[in-house]
Amino acid sequence: MKKSIGVSPNIETFFGTRDENVRLLEDGLNITINLRSNGIELEGAAKDVARVEQVFADYETLQRSGYTFNNGDLNSMLRVLTSDPNTTLRGLADAGRQRSFGRRTVQPKSGNQRRYLEAIEGHDMVFGIGPAGTGKTYLAVAMAISALLAKRVNRIILARPAVEAGERLGFLPGTLQDKIDPYLRPLYDALYDMLDPEKVDRYLEKNVIEIAPIAFMRGRTLNDSFVILDEAQNTTSEQMKMFVTRLGFNSKAVITGDVTQIDLPNARRSGLLEAMDILKNVNGLAFVHFDETDVVRHHLVQRIVRAYDEHKTRVAEQQMLLLAEPRHADAASAEKQAAAALNEAAANRHESTSAEAKG
């Protein structure tokens, strides 16, 4: 099906750098888009043509209403739109307007990120699980700031296990806060990225925002709070149980982690792995799983994550083969032993029969 649509004079801004937005729509919706002198020509299946026509209509409506797309927001929205047939450009823009993230505009850059934000809004406890660079921590901090600025909570509590990533840093100098700050730096980075530094410092000074190791959570009941546990794969079983039972009234908890980067001495004792199994059927909880397609860092990170996953699969297959080989060898040995036993029994029977005949 071919269809021509009229467009506004400034539609070229929709196309993006080197027409990247148009190529994204073409690849995602299996459609051809051509800019003509009198409009835009669409070619593809009827439902796909209708969907792209709606995208252009939504874009013009948003522009007329004064909506501004910043920092690749449009490209991010189109990625979500092509992966989820139930979304619209206008709906994604309106959802972003309803959330205040301080000085930042935060838009989900994938379908899983959108489901993650919606899960946080709709559940009191959410687990975000996936590889590095998928926005688990950043989006959780953004939602916490949004809840704080909207006065839905009175404070933000950010916790993280103080586990060294395969290194031994020894004794760190300074006060207790100085000693634990290096482990919590990613949380500070997200805060300073979304709020003015002066406001962050003021919130930290007044304990409106509290950042602490998970060990400091024991014995507390956290009311009117937005609580985030980062790097949860490095919690022990006891720490995870302790954390998920701290939640008080009018509070939310977001637990993030990457089960492929466990730094505990015994990876099988990860509290996150255990919680994924124990809590999967508990009502009121939500689990959102990310993969390499959700990586929003440098494009190489996505390829690196995929390469590690493929390597892990190859190693697992090789281990299965190695485990299978001894069983084959044992079976062959058992067969030889059984055959020898049968031969020996037959020989014995032959000897006894000969002896009886002679007798």
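## A buried aspartate and its partners

At 4% relative accessibility, Asp-230 counts as buried, a term that stands for under 20% relative accessible area, while exposed stands for over 50% and partly exposed for what lies in between, with a 1.4 Å probe and protein chains only. The model is a predicted one, in which local features need pLDDT of at least 70 and side-chain atom pairs count only at pLDDT 80 or more, whereas totals for chains, interfaces and linings use all residues. Residues are numbered from 1 along each chain as its sequence is written, and side-chain values use heavy atoms, with hydrogens and water left out.

Asp-230 forms a salt bridge with Arg-160, and the closest N and O atoms of the two are 3.4 Å apart. This pair links distant parts of the chain, since Asp-230 lies in the loop between strand S7 (225–229) and helix H10 (237–244) and Arg-160 in strand S5 (residues 155–160), 70 residues apart. Helices (H or I, at least four residues) and strands (E, at least two) are DSSP runs, numbered from the N terminus. Arg-160 is likewise counted as buried, at 11% relative accessibility, and a network of salt bridges links Arg-160, Asp-230 and Glu-231.

## Other salt bridges

Side chains of opposite charge can pair when their charged atoms come close. Here a salt bridge is a side-chain nitrogen of Lys or Arg within 4 Å of a carboxyl oxygen of Asp or Glu, and a search of the whole structure finds eight of them.

One of these joins Arg-220 to Glu-210, with the closest N and O atoms 2.8 Å apart. Arg-220 lies in the loop between strand S6 (209–213) and S7, and Glu-210 in strand S6, so the pair ties together parts that are 10 residues apart in sequence. Arg-220 is partly exposed, with a relative accessible area of 22%, whereas Glu-210 is buried at 17%. Another salt bridge is formed by Asp-48 and Lys-47, whose closest N and O atoms are 3.6 Å apart; Asp-48 is buried, with a relative accessible area of 12%, but Lys-47 counts as exposed at 63% relative accessibility.

## Aromatic pairs

Rings of Phe, Tyr and Trp (its six-membered ring) pair if their centres lie within 6.5 Å, and planes under 30 degrees apart count as stacked, over 60 as edge-to-face and the rest as tilted. By this rule the count comes to five aromatic pairs. In one of them, the rings of Phe-14 and Tyr-59 have their centres 5.0 Å apart and their planes at 75°, so the pair is edge-to-face. Phe-14 belongs to helix H1 (residues 12–15) and Tyr-59 to helix H3 (residues 46–64), so that the pair links distant parts of the chain, 45 residues apart. Both residues, Phe-14 and Tyr-59, are buried.

Phe-127 and Phe-287 form a stacked pair, 4.6 Å centre to centre with 10° between the planes. Phe-127 in strand S4 (residues 125–129) and Phe-287 in strand S9 (residues 285–289) are 160 residues apart, and the pair links these distant parts of the chain. Phe-127 counts as buried at 0% relative accessibility, while Phe-287, at 24%, counts as partly exposed.

## Around Asn-112

Asn-112 has its place in helix H6 (residues 111–122) and counts as buried at 14% relative accessibility. Not counting residues up to four places away in sequence, Asn-112 touches Val-288, His-289, Phe-290, Asp-291 and Asp-294, where contact means heavy atoms within 4.5 Å.
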